[in-house]
Amino acid sequence: MASSNLSRSLFGLTVRQNAHPDMRRLRREAGDPSLHGNKFWKSSCLTMDYLKRNPLKKGARVLDLGCGWGLGGIFCAKHFGARVTGLDADPSVFPFVNYHAELNGVVVDTWRCRYEKIRETDLSGFDALIGTDICFWDQLEKPLYNLTRRALRAGVGRVILADPGRTPFRRLAERAEEKLGADYREWSVSRPMKASGCIMEASQG
């Protein structure tokens, strides 16, 4: 199959499919990511569609949590001129982040860290946090809630998390809605591909 058939266009981004020769090469060189950052997740479409309709400020400083391939952050860099840092506990995802950032003409910094290790002083350097498909285990619910609370306390303007609707995420979002005044809603897109789930946004004020 020709390489041109192994790419997709999503919200103005070019994204390689797993069978693309470059993706095969990156897996050989870096090894397969171990924490589910090994492919494109459809919930990225929810994040990008939501941000398209609820844009960030130009030049915003964005932390992309559990970034995987980093598509949400790359979208922010390309469309809003955001200064993006992709955070993941698994450094083997970073070659995929850097590859897709270069492919789309932007630069994304990377940071290896676990959610519970991110300090309030670290968070004060960001205007927005985004995260897609990152609350997939019960044990992630508490650290992500605490991270959201720390971010707001540190002055981060917006924390935006998207998920296909797993139970741990819904519990996280409902708790943030009750305790932190977060907005929690169902979200779906039909193009460029069908995806549905939920968006949670916690914000200042």
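Author: A friendly start with one definition: a residue is buried when its relative accessible area is under 20%, exposed when it is over 50%, and partly exposed in between, using a 1.4 Å probe and protein chains only. This is a predicted model, in which local features need pLDDT of at least 70 and side-chain atom pairs count only at pLDDT 80 or more, while totals for chains, interfaces and linings use all residues. Residues are numbered from 1 along each chain as its sequence is written, and side-chain values use heavy atoms, with hydrogens and water left out.

Reader: Is Asp-133 buried or exposed?

Author: Asp-133 sits in the loop between strand 6 (128–132) and helix 6; here helices (H or I, at least four residues) and strands (E, at least two) are DSSP runs numbered from the N terminus. Asp-133 has a positive phi of about 60° although it is not a glycine. With a relative accessibility of 9%, Asp-133 counts as buried.

Reader: Which residues are linked with Asp-133 in a network of salt bridges?

Author: A salt bridge is counted when a side-chain nitrogen of Lys or Arg is within 4 Å of a carboxyl oxygen of Asp or Glu. Arg-166 is partly exposed at 27%, whereas Asp-163 is buried at 0%. The partners of Asp-133 in the network are Asp-163 and Arg-166.

Reader: How many salt bridges does the count come to?

Author: Side chains of opposite charge can pair when their charged atoms come close. By the rule just given, the count of salt bridges comes to 13.

Reader: About how far apart are Arg-53 and Asp-49 in helical turns?

Author: These two side chains form a salt bridge, with the closest N and O atoms 3.0 Å apart. Arg-53 is exposed at 58% relative accessibility, while Asp-49 is buried at 7%. Because Arg-53 and Asp-49 are four residues apart in helix 2 (residues 43–53), their separation is about one helical turn.

Reader: How many residues apart in sequence are the parts that Arg-171 and Asp-138 tie together?

Author: Arg-171 is partly exposed, at 33%. Its side chain meets that of Asp-138 in a salt bridge of 2.8 Å, N to O. Arg-171 belongs to helix 7 (residues 167–180) and Asp-138 to helix 6 (residues 138–153), so the distance in sequence between the parts they tie together is 33 residues.

Reader: Which helix gives the largest share of the core?

Author: A nonpolar core is a set of buried Ala, Val, Leu, Ile, Met, Phe, Trp, Tyr and Cys residues joined through side-chain atoms within 4.5 Å. The largest one has 42 residues, and those with the most contacts inside it are Leu-10, Cys-45, Leu-56, Val-62 and Cys-76. Its largest share, six residues, comes from helix 3 (residues 71–80).

Reader: Where does Phe-11 lie?

Author: Phe-11 is one of the residues in contact (heavy atoms within 4.5 Å) with Cys-45. Phe-11 is buried at 14%, and its phi is near 50°, a positive value in a residue other than glycine. Its place is the loop between strand 1 (7–10) and strand 2 (13–16).

Reader: Which residue does a cis peptide bond join to Arg-191?

Author: The residue in question is placed in the loop between strand 8 (183–189) and strand 9 (195–203). Omega of this bond is about 5°, and the residue joined to Arg-191 is Pro-192.

Reader: How far away from Cys-135 is the nearest cysteine sulfur?

Author: A disulfide is a pair of cysteine sulfur atoms within 2.5 Å, and by this rule the count comes to zero. Cys-135 is in no disulfide, and the nearest cysteine sulfur is that of Cys-198. Cys-135 is buried at 1%, and Cys-198 is buried at 0%. Their sulfurs are too far apart for a bond, at 11 Å.

Technical notes: Lists of a residue's contacts leave out its neighbours within four places in sequence.
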